[in-house]
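Trainee: I am new to this structure and would like to learn how to read it. Could we go through it together, one feature at a time?

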Amino acid sequence: MSNILEKIFSKKYFPPILTILVLLIGSLAIANLLSDTTIIIEQDNVVIRESAATNSNAIVELSSGDQVTVISSDNGWNRVRFGTYDGWIPQWLLDNQQLVSDQNIYAQILVNTPVYSSPDENSELITNLESGQYLPINYESNGWISVTLTDGVGYFRTRLVGLINPEQVPTAELTEEAMDEQALEAERLALQDIGVIRSDFQLLYDSPSVYADYIYEIDRDQTFTVLDIVTDDVGNEFAFVEDENGIRGYVEDRLVAYLADSVGHVGTTNPGSLADATILIDPGHGGEDPGAISYDELTYEKDVTLDTAYIIRDHLEALGAEVLMTRDDDSFVPLNGIVDISNQSNADVFISLHYDASLYPDWSGITTYYYHESDFSIADSINNELINVNMINNGTNFGNYHVIRENSRPAVLLELGYMSNTNDLVSIRSEDYRHNIAEAIVTGLSNYFDNQAANEASN
Ligand SMILES: [Zn+2]
């Protein structure tokens, strides 16, 4: 909608005389424009058709600059009025100005696309088209594309594919790698606005504030379409979302997992056992970035994470695992660099080590974070052992942290106690505590790989 209004009010379509007219008539004219949705046609060869199908009769051909009034929109088609004419034009044609017309179109298969015997998801599934293919289409109608395959005519959803002119179909074969990357990009694009809430007891607010009234309590794993991101008075970001029933509201953006982020993420690997696994340890912070600093300025997070990493490394290597580290001295690796190291590794698990800090001195304990749903089991397996360490345990939680979100390897982030809590700090400073943590993490990893192997064997 805003797109259409932008077009209407943009200078390009607003000759000065009209501007003056609108200024004179004032709000009345604006109200008029708002209630009658007008589309200005920006390309040639747009045809109004008798029905919402590219193979239906053409009523009239429009020219660039023509204005039509939209009566209704459905399934990618607009019912429009143009002078005395009344008919249909496809929105996907208006959105895709690369397309020359609604005829002679190729479908670019972007994601695994089911093909049905009729334009109905309940009809017989004929086949699945794999991404990277290009097919000439018979016609498009009401959000469905008709194609002729070797085994007959089939139908798939228009929204799943790209629409291009025949000249745009690549002639040279793409390399497999380029095709894979293209498919991943397309999948990310298709999922870019889909968010999921992976925490219990979250609320859908009626305005962007945690003090606002709430509309309902969100189910764990509920998905939303994210329409916008807004910021409240104190700088917290809220996602403006719509649920599957069309109910709109606000959720804290830090709680939203975007499905597009998980495209290309390696969920699980199965090395067989910890002895055959590669573990990448990321000692949080380093160099110019001290991380949290204790109240007496004697303890820096960057030093404790590095020391903890050494102990974990020793334990893992003693059991035969291969251990990589994002740093093994007091150097600074930027977040992107950490992710690059991981994405270029074959790590079975990436573990980022941190110690927490809060303005609230009472906050205490260990928290295990994951971002990708497929990494929950690793996080939980580790946390199930950390529970045995003498420290409050805050559980396994979703956390929107860069180094795990952007990580293509299975990834978890551990906050191993609060440096801002006096009791926690005593533990954090003790070698015993770090050894206990390291043992718990190693046992958790070992259990995880054993479970993986057992699951694989039983399948
Ligand atoms: Zn940290």
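Mentor: Gladly! Let us begin with the metal. The zinc ion has three kinds of entry to look for: His285 through NE2, Glu301 through OE and His354 through ND1 are its protein donors, lying 2.1 Å from it. Donors are N, O and S atoms within 2.8 Å of the metal (3.2 Å for Na, K and Ca), and water is not among the atoms, so a site may look incomplete. Before we go on, please keep in mind that this is a predicted model, in which local features need pLDDT of at least 70 and side-chain atom pairs count only at pLDDT 80 or more, while totals for chains, interfaces and linings use all residues. Residues are numbered from 1 along each chain as its sequence is written, and side-chain values use heavy atoms, with hydrogens and water left out.

Trainee: How are the donor residues of the zinc ion spaced in sequence?

Mentor: The pattern is H-x15-E-x52-H. His285 sits in the loop between strand 22 (278-283) and helix 6 (301-318), and His354 belongs to strand 24 (residues 349-356), 69 residues apart, so this pair links distant parts of the chain. Helices (H or I, at least four residues) and strands (E, at least two) are DSSP runs, numbered from the N terminus.

Trainee: Is His354 buried or exposed?

Mentor: His354 is buried, because its relative accessible area is 12%. His285, at 25%, counts as partly exposed. The cut-offs are under 20% relative accessible area for buried, over 50% for exposed and partly exposed in between, with a 1.4 Å probe and protein chains only.

Trainee: How many helices and strands does the chain have?

Mentor: The chain has 11 helices and 27 strands. Its C-alpha trace spans about 85 × 60 × 40 Å along the principal axes. Of its 459 residues, 46% count as buried. Contact means heavy atoms within 4.5 Å. Among contacts with a separation of 6 or more, 66% come from residues 24 or more positions apart.

Trainee: What volume does the largest pocket have?

Mentor: About 920 Å³. The search uses a 1 Å grid over the protein atoms alone: a pocket is an open set of points with protein on both sides within 12 Å along at least five of seven lines, a cavity is a set where a 1.4 Å probe fits but cannot get out, and lining residues have an atom within 4 Å of a point. Grid points are joined across faces, edges and corners, and a volume is the space filled by probe spheres set on the points.

Trainee: Which residues lie nearest the centre of the largest pocket?

Mentor: They are Asp95, Thr158, Arg159, Leu160 and Val161, out of 26 lining residues. Helix 4 (91-95), strand 14 (161-164) and helix 5 (176-191) are the elements giving two or more residues to this lining, and strand 14 gives the most, with four. Domain 1 (2-94) and domain 2 (106-190) both contribute to the lining, so the pocket lies between them; the domain bounds come from an automatic or database domain assignment.

Trainee: Which residues line the largest cavity?

Mentor: Gln108, Ile109, Leu110, Ser131, Gly132, Met179, Gln182 and Ala183 do. The volume of this cavity is about 40 Å³, and the whole structure has one cavity of 30 Å³ or more. Helix 5 gives the most to its lining, with three residues.

Trainee: Where is Ile428, and what is it in contact with?

Mentor: Ile428 is in helix 10 (residues 422-428). It is buried, because its relative accessible area is 0%. Leaving aside neighbours within four places in sequence, its contacts include Val304, Tyr355, Leu416 and Tyr433. From Ile428 to Leu416, 12 residues away in sequence, the C-alpha distance is 8.1 Å.

Trainee: Which residues of helix 7 are buried?

Mentor: In helix 7 (residues 335-343) they are Gly337, Ile338, Val339 and Ser342. Their cover includes strand 22, strand 24 and helix 9 (402-405).
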